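Subject: Structure handover

Hello,

Please find the structure below.

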Amino acid sequence: MEKASTLANKRILISGASGFIGSHLSMRLYRIGAELHGIFRTGHAVRDSNLTWWQGDMEDETFVREVLSSVKP
């Protein structure tokens with residue numbers, strides 16, 4: 001497993017970032033200095049200025065391609 005410090009300044013895309021595990025993972029990655037992009041499917045994303053939010057469904061191939069080409073994680 002990569003040491004957390006090697007993720008500093010890396011662009012990371014988190015699916016389910018507004019959920020319990022995703023939100024805790026996001027906080028940890030933010031503390032080490034990662035650039036975060038979070039995906040949420042429905043409802044409202046947690047207000048967090050540390051993430052760039054993307055709303056969509058990971059089952060939608062067009063959405064996934066768009067996010068991956070834009071974020072380039």
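Buried means under 20% relative accessible area, exposed means over 50%, and partly exposed lies in between (1.4 Å probe, protein chains only). By that scale E61 is exposed, at 51% relative accessibility, and R65 is exposed as well, at 56%.

The model is predicted, so local features need pLDDT of at least 70 and side-chain atom pairs count only at pLDDT 80 or more, while totals for chains, interfaces and linings use all residues. Residues are numbered from 1 along each chain as its sequence is written, and side-chain values use heavy atoms, with hydrogens and water left out.

A salt bridge here is a side-chain nitrogen of Lys or Arg within 4 Å of a carboxyl oxygen of Asp or Glu. There are two salt bridges by this rule.

One joins R65 and E61, with the closest N and O atoms 2.8 Å apart. These residues sit four apart in helix α2 (residues 61-71), so about one helical turn separates them. Helices (H or I, at least four residues) and strands (E, at least two) are DSSP runs, numbered from the N terminus.

The other pairs E35 with R11 at 3.2 Å between the closest N and O atoms. It links distant parts of the chain, with E35 in strand β2 and R11 in strand β1 (residues 11-15), 24 residues apart. E35 is partly exposed at 37%, and R11 is partly exposed at 36%.

H37 also lies in strand β2 (residues 35-40) and is buried, at 7%. Its side chain makes a polar contact of 2.9 Å with that of E35; such a contact is a pair of N or O atoms within 3.5 Å, where within protein one must be able to donate a hydrogen and the other to accept it, and residues adjacent in sequence count only if both atoms are side-chain atoms. Leaving out residues up to four places away in sequence, H37 touches several residues, among them R11, L51 and W54, contact meaning heavy atoms within 4.5 Å.

Regards
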